[in-house]
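Open the structure in your viewer and keep the selection tool ready. The tour goes from one selection to the next.

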Amino acid sequence: MNNSKKRLQGGKKKLGQNSRQVGKIFLIAVSVIFVVLGSRFLYVATFKNVKGHNLTSATRKIYMQTQVVSAKRGNIYDENGVLLAENTNTYTVYAVLNKQQKTTAGKPMYVTNKRKTAKVLAKYIDLSEKKIYKILTSANKKTFQVEFGNAGSNLSIETHDKIVASKLTGISFTKQPARLYPNGTFASHLIGIAQSTTNTKTGTSSLTGIMGIEKQLNKFLAGKNGIKEVRATPGYSIEDKTKSTAAKNGDDVYTTLDSKLQTLLESEMTSLQKSTDPVSATAMVMDAKTGAIVAATQRPTFDATTKSGISKMWQNLLVESAYEPGSTMKVMTVASAINSGNWHPNALYQSGTYLIDGQKVTDWNSSGWGMISYRQGLARSSNVAMAHLEQTMGAQTWKKYLTAFHFNKSTNSGLVDETAGGMQFKYPIEQANTAFGQGIRVTPMQIMQAFSAIAGNGQELKPYFIQKIINPKTKNVVYQGKRTVISNPIRAKTASKVRKLLQDVVYKSYGTGTAYKISGFRVAGKTGTAQIATSSGYSVGDENVIHSWVGMVPANKPKYVMYITLNQPKKITQVVTKSIASVFKPVMEQALKTDSSHRSATAIKRVPTVNNLGATESVTTIKAKKFVPVVIGDGSKVKKQFPSGQTQQLTGQRIFLYTGGNITMPSMTGWSKNDVLTYAKLNGITVKTVGSGYVYKQSVNSGTAIEHKMSVTVKLK
C-alpha cells in the first residue's frame with residue numbers, strides 16, 4: 001500500500017509538472033501570436049495596405065460615393081436676347097406587357113386595355129391606332145415591354161404630360177437630355193444642333209454640338225462637369241466639400257441674327273422652294289456697316305428640334321459648298337478696272353462673241369446687241385465686255401485684285417469644313433472666264449465679304465455672326481464680336497462709282513434686274529446666271545444653271561447687302577428674277593424698317609416678363625411699356641409669351657400672350673407679314689400670304705375657333 005501511495009503521489013507530481021510545462025508553452029504561443037498580430041495590426045494601421053490593397057481606398061468605395069454634377073449647357077440667343085436654343089428633356093414612350101408587374105398593393109403595372117391604349121397613343125405619336133395595336137398584340141408572350149420606334153422617341157415635355165394625363169396603365173417613359181430649338185426651322189445649318197452623348201466611363205449623358213455654332217463654340221457652351229463626394233452610411237449621407245468640385249455651367253452665346261427678319265426670310269425661302277423646286281438655294285442678309293450677318297438660311301433645311309429633313313442636306317452651303325458664281329463676279333471685274341485706271345464706260349465694243357487665243361467667249365444673248373458701251377454691257381450682263389476688261393487690265397493685275405478681294409481664301413468664319421474655293425487661271429481663256437464668273441469657285445460667305453467693300457466705300461469687312469459670349473453667372477463678356485476691316489481692295493471713289501453703275505441694272509429698261517425695285521429706296525445690284533460645269537462641258541438650259549442676285553440698299557449709302565442663290569430650279573413658272581425678287585423685296589423692306597437709324601428714332605425697351613400673371617394684368621403691363629399685347633386663348637393666366645420677357649424690342653411691336661383654353665382667330669388688319677407668321681407658328685396653323693406690306697383682308701373671320709393645322713390666307717398691301 002505504501003508503495004502504491006508513493007507511485008500515485010509520484011504520478012500526480014509528474015502530471016503537475018507536465019501541466020505547468022504545457023501552460024508555459026501555451027503562454028509562449030499566445031504571446032507569439034499576440035506579438036505577430038499586434039505587429040500586423042500596427043503595420044496595417046500605419047501603412048493601410050494589405051497584399052497590395054489600399055484599405056483607405058477600399059473603405060472609401062464602401063462609404064464614399066462620387067457623383068458627377070452635370071454642367072448646364074449655355075443658351076443661344078438672337079441679337080436682342082430672343083431664345084434660339086436651350087436645354088430640355090425628351091422622352092421615349094414604352095409599354096410594359098409582362099403581367100407579373102404589379103404594385104405592392106397588387107394593382108397592374110402592365111397594359112390592361114390594348115384597344116384603349118392604342119386609341120389614346122395614336123393622338124400623340126405619329127403612328128396609326130391600327131399599327132400601335134398591332135405592336136401591342138403581336139409581341140411574344142415572354143416580351144417584357146415594347147417601344148414604338150421613331151414615332152415614340154424624342155417626345156416633347158408637352159406630349160409626355162398629355163400622355164401621362166391620360167392615365168394609361170402600363171405606359172412609361174425614359175428621359176434623355178435634349179436641346180430645344182423653339183423656332184423649329186430657323187437658320188438651322190448656322191445654329192446647328194447638339195445631341196445627347198453618353199460618357200462610357202461615368203455613364204452620364206451630356207449634350208455635344210455636332211453642327212454649326214453648336215459645334216463651333218462647343219467648348220464655351222458645354223461648360224465643365226463637377227464632382228460631388230458623398231459619405232454614405234446607414235441612415236444618413238453628407239457631402240465632403242473638401243473633395244467636391246462645383247460644375248461650371250456653359251456660357252451663353254448671342255448671335256447677330258434678328259429673329260423677326262430670320263422668320264420672314266425662312267417663310268419666303270420656303271415659298272421660293274415650293275414654287276421652283278431647286279436642287280438647293282441660299283440667302284444671307286448682312287449689315288453693310290458692320291459685317292454682321294442678320295439673317296441666313298438655305299434649302300434644303302431641317303427642323304432642328306425634330307430633325308425632320310436633316311437627311312436631305314447635312315452640308316452648310318454658306319461656307320462648305322463652292323460653286324461658279326457667274327455674273328455677280330462682273331461687279332469685281334468692273335471695280336478692279338475702275339480702280340486700276342482701265343475703265344472707259346462710254347467706249348464701244350462689239351457684243352455677242354469675242355475670240356481669245358482661238359477660243360470663243362459668248363454673251364448669254366449669242367447674237368449680242370451690236371456695238372454698245374461698256375456701261376451698257378454691265379447692265380446687260382455681257383460676258384464679252386468683261387473679257388475685254390480682263391484683257392485690258394492684264395491677267396496679273398486682275399489676279400492681284402482677286403487676291404485683294406480675298407477670293408480663293410477661307411473667310412475663317414469658324415464654322416467647320418469651310419472651303420477656300422479655287423480657280424483655273426493658267427491659260428488666257430481661263431483668265432478671261434474668271435472675269436465673268438466661270439472657272440472660279442466661291443462660297444456665299446466669300447461673296448458677302450467681297451461685296452462689303454463695294455457697299456462700304458472700299459473697306460472689306462469680315463462677316464461675323466457671333467455678337468458676344470457671356471458667362472451667365474458673372475455676366476462677364478467672354479468674347480465680343482466686332483466690325484473688322486480685313487483690307488481695302490479699292491478706293492472709296494471706286495466703290496461709289498460701282499454702286500452708281502449697278503443702279504443701271506435695276507432702273508435701265510435693258511437692265512437684267514428690273515424686278516428688284518423697292519418703293520421708296522434706290523437699289524444697286526447685280527444678277528447672276530452660271531452654267532453648271534460637268535465632265536463634258538457646261539450645262540445648257542434655264543433649269544441647269546445657278547441663278548443669283550446681290551442687292552445693296554439704299555444704293556448711295558447701303559445699310560444692308562443681300563445675296564440669294566437658286567441652284568437648278570426644276571419648275572419655272574415665271575421669269576426667275578421675279579421668283580428671287582419675291583424673297584429679296586419683302587425681306588429687305590423689313591430690314592430697312594428696323595435698321596439702326598429707325599431704332600434711334602423709335603424707343604427700344606425691354607419686354608416685361610408676364611408669365612404666370614393674370615391675363616388682364618399682363619395686358620396692362622405690356623401696354624404700359626408701349627407694346628401691343630395680343631392675347632391668345634381665353635385662359636386666366638399667361639402660360640407663354642413671345643418675344644420672351646426681358647428681350648429688347650422696338651416699342652409698338654406686338655407681344656403675343658398665350659393663355660390656353662379656347663383660341664379664336666383675331667383681326668389681323670394692320671399686321672405685318674412677320675406678325676402673321678409668328679402668330680401662325682405659335683398656334684400650329686398654316687398661312688398663305690398674298691402681296692406685301694400690311695394685312696387688309698383675311699380668309700378666316702375674326703372670332704372663328706382655331707383648329708389645329710387650319711389654313712388661312714391673308715392679303716397685304
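Select helix H17 (576-593) and H20 first: each supplies at least two residues of the lining of the largest cavity. Helices here are DSSP runs of H or I with at least four residues, and strands are E runs of at least two, numbered from the N terminus. This is a predicted model, where local features need pLDDT of at least 70, side-chain atom pairs count only at pLDDT 80 or more, and totals for chains, interfaces and linings use all residues. Residues are numbered from 1 along each chain as its sequence is written, and side-chain values use heavy atoms, without hydrogens and water.

H17 gives the most to this lining, with four residues. Now select the lining, which includes Leu264, Pro586, Lys673 and Leu716.

Next, select helix H9 (residues 259-276) together with helix H20 (residues 673-683). Their axes (lines fitted to C-alpha atoms over the stretch in contact) are 10 Å apart, at an angle of about 80°. H9 and H20 are therefore roughly perpendicular (65 to 115 degrees, on a scale from 0 to 180 between N-to-C directions). To see the contact (heavy atoms within 4.5 Å), show Lys260, Thr263, Leu264, Ser267 and Glu268 in H9, which meet Lys673, Asn674 and Leu677 in H20.

Last, select Ser280 in strand E13 (residues 280-287). Is Ser280 buried or exposed? Ser280 is buried (under 20% relative accessible area, with a 1.4 Å probe and protein chains only), at 10%. Beyond its neighbours within four places in sequence, Ser280 is in contact with Arg299, Pro300, Leu317, Leu566 and Asn567.

Technical notes:
Buried < 20%, exposed > 50% of the residue type's maximum accessible area, 1.4 Å probe, protein only. Parallel < 35°, antiparallel > 145°, perpendicular 65-115°, else oblique. 1 Å grid on protein atoms, 1.4 Å probe; cavity = no way out; pocket = protein on both sides within 12 Å on 5 of 7 lines; lining within 4 Å.
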